[in-house]
Amino acid sequence: MKWNTLTSLALFAPSHVVALLRFPCGQLMVDRVDPLVNPGMAPSPHLHQIVGGNAFNVTMDPSKDMPGESTCTTCQFSEDFSNYWTAVLYFKARNGTYKRVPQKQNVGFEGVNGGMTVYYMQDGLYNFQQTSKVTAFKPGFRMYIGDVNARTREEAERFRQLTYTCLENMNTRDPQTLDFPNKPCPAGIMTALRFPTCWDGKNLDSPDHMEHMAYPEFGTFETGGPCPASHPVRMGQLFYEVIWDTSKFNNKADWPADGSQPFVWSFGDGTGYANHGDYVFGWQGDALQRALDSPCYQNCPTLKSQNNAAMNACKKPGFVKEDIDGWVSILPGGHVANYRK
Ligand SMILES: *[C@@H]1O[C@H](CO)[C@@H](O)[C@H](O)[C@H]1NC(C)=O
Ligand SMILES: *[C@@H]1O[C@H](CO)[C@@H](O)[C@H](O)[C@H]1NC(C)=O
């Protein structure tokens, strides 16, 4: 598959010709808050893992200046005070109790505390030359992708690129599936979330946090699919990779006796079809547009970077006090593994 080509090239490509922003963001917090879908609620219905600027809060007013309110960020590019978050993966043991699955970084980003890898892609042509322009998100912009209630393949297919990869090793990228891998994955499970790339050009958000964005009319961003007339502005491809370190949970003697896979999202989805993610833009000034306008990969000359120690030092105490790391009989918020609505 083409994605495989991108990844293997990306790992070794020289930095001066590449049009792909790719960087690690360490863990800011793991907490039951969601200022996009459940503003003001602490606890929110389910647990999330969050990276980015430390202005992250239970409520986040779109008019607030996130770079101005943050004093640090867990992302490598120190002008990026955005917040990126997803649900959290749990392991369900044969005895019915649950344990949180830790995260780890991609190859090349060792030493960063968990979190995820974030991409903003300028081009999808896999030649890594800058051949077209994309628009950066604006202050106050936010979006969501996925459906927390999806439990079937048909429901998941509404979203083009929310996938899982069973990592045989840290460079495995294919095959990608819409549901959880059903066998032990020696190096972990990677969840990949690609957001829609076509903006309506007007709204920074919408009631479902999705309608102001659309997928290309056909194909994908990577295949050069055109934006629909309703959403004409071609944005960079925002893309998360989250690596769940399942290595401690690969003993099949601990897996369900019926042979089913044991991983479950923090809101109870045991199918994997409800993979979803959240984004709140928070880059300083025009830093993101400048980066998108200049071919770069990892060491982006137009951007300020910080080292792993500085990223890892950016932390935020939890808003909700509860046990998220013990063996628990019920998931935070009262969820249990479920497979059908
Ligand atoms: C979080 O929100 C509360 C209530 O609005 C506010 O008092 C506090 O200063 C905010 N914290 C940060 C770090 O923005
Ligand atoms: C359930 O199984 C896990 C994994 O084998 C074990 O670590 C845990 O202690 C068990 N919990 C109970 C209550 O038996």
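Colleague: Where does Asn 57 sit relative to ligand 1?
Modeller: In this predicted model, a polar side-chain atom of Asn 57 is 2.3 Å from an oxygen atom of ligand 1.

Colleague: Which other residues are around ligand 1?
Modeller: Besides Asn 57, the residues around ligand 1 are Ala 55, Lys 64, Glu 69 and Lys 316. On its own, ligand 1 exposes 370 Å², and the protein buries 33% of that area.

Colleague: How does the shell around ligand 1 divide by class?
Modeller: The shell has 3 charged residues, 1 polar and 1 nonpolar.

Colleague: What does the side chain of Lys 64 contact?
Modeller: The side chains of Lys 64 and Glu 69 are joined by a polar contact of 3.3 Å. Both residues are among those around ligand 1. Lys 64 belongs to the loop between β3 (48-52) and α2 (66-69).

Colleague: Is Lys 64 buried or exposed?
Modeller: Lys 64 has a relative accessible area of 18%, so it is classed as buried, the cut-off being under 20%.

Colleague: Turning to the other ligand, which residues are around ligand 2?
Modeller: They are Ala 93, Asn 95, Thr 97, Asp 254 and Trp 327. The side chain of Asn 95 has an N or O atom 2.3 Å from an oxygen atom of ligand 2. For Asp 254, the corresponding distance from a side-chain N or O atom to an oxygen atom of ligand 2 is 3.3 Å. Ligand 2 has 360 Å² of accessible area on its own, of which the protein covers 46%.

Colleague: And what classes make up the shell around ligand 2?
Modeller: That shell consists of 2 nonpolar, 2 polar and 1 charged residues.

Colleague: On to the aromatics: how many aromatic pairs are there?
Modeller: The count is 24 aromatic pairs. One of them is Phe 141 with Tyr 279, a tilted pair with 6.4 Å between centres and 55° between planes. Phe 141 is in the loop between β8 (116-121) and β9 (142-145), and Tyr 279 is in strand β18 (residues 277-280), so this pair links parts of the chain 138 residues apart.

Colleague: How buried are Phe 141 and Tyr 279?
Modeller: Phe 141 has a relative accessible area of 1%, and Tyr 279 has 0%; both residues are buried.

Colleague: Why is the pair of Tyr 164 and Trp 265 classed as tilted?
Modeller: The planes of Tyr 164 and Trp 265 are at 40°, with ring centres 6.4 Å apart, so the pair counts as tilted. Tyr 164 is in strand β10 (residues 162-167) and Trp 265 in strand β17 (residues 263-265), so the pair ties together parts 101 residues apart in sequence. Tyr 164 and Trp 265 are both buried.

Colleague: Which residues form the aromatic cluster?
Modeller: Phe 141 and Tyr 279 belong to one aromatic cluster, whose members also include Phe 23, Tyr 84, Phe 195, Trp 199 and Trp 283.

Colleague: What lies over the face of Phe 239?
Modeller: Arg 194 does, at 4.2 Å from the ring centre.

Colleague: Now the backbone. Where are the cis peptide bonds?
Modeller: One joins Ala 42 and Pro 43, with omega about 10°. Pro 43 is in the loop between β2 (27-31) and β3. Another joins Asp 174 and Pro 175, with omega about 0°. Pro 175 is in the loop between β10 and β11 (176-177).

Colleague: What is phi at His 209?
Modeller: Phi of His 209 is near 65°, a positive value in a residue other than glycine. Most residues other than glycine have a negative phi. His 209 lies in the loop between β13 (198-199) and β14 (213-214), and at 12% relative accessibility it counts as buried.

Terms used
Residues are numbered from 1 along each chain as its sequence is written. Chains are lettered from A and ligands numbered from 1 in the order in which they are written. This is a predicted model: local features need pLDDT of at least 70, side-chain atom pairs count only at pLDDT 80 or more; totals for chains, interfaces and linings use all residues. Side-chain values use heavy atoms; hydrogens and water are left out. A residue is near a molecule or strand if one of its heavy atoms lies within 4 Å of it. A polar contact is a pair of N or O atoms within 3.5 Å; within protein, one must be able to donate a hydrogen and the other to accept it, and residues adjacent in sequence count only if both atoms are side-chain atoms. Accessible areas come from the Shrake-Rupley method with a 1.4 Å probe; for residues, only the protein chains shown count as cover. Ala, Val, Leu, Ile, Met, Phe, Trp, Tyr, Cys and Pro count as nonpolar, Asp, Glu, Lys and Arg as charged, and the others, Gly among them, as polar. Rings of Phe, Tyr and Trp (its six-membered ring) pair if their centres lie within 6.5 Å; planes under 30 degrees apart count as stacked, over 60 as edge-to-face and the rest as tilted. Helices (H or I, at least four residues) and strands (E, at least two) are DSSP runs, numbered from the N terminus. Buried means under 20% relative accessible area, exposed over 50%, partly exposed in between (1.4 Å probe, protein chains only). A charge sits over a ring if NZ of Lys or CZ of Arg is within 6 Å of the ring centre and within 35 degrees of the ring normal.
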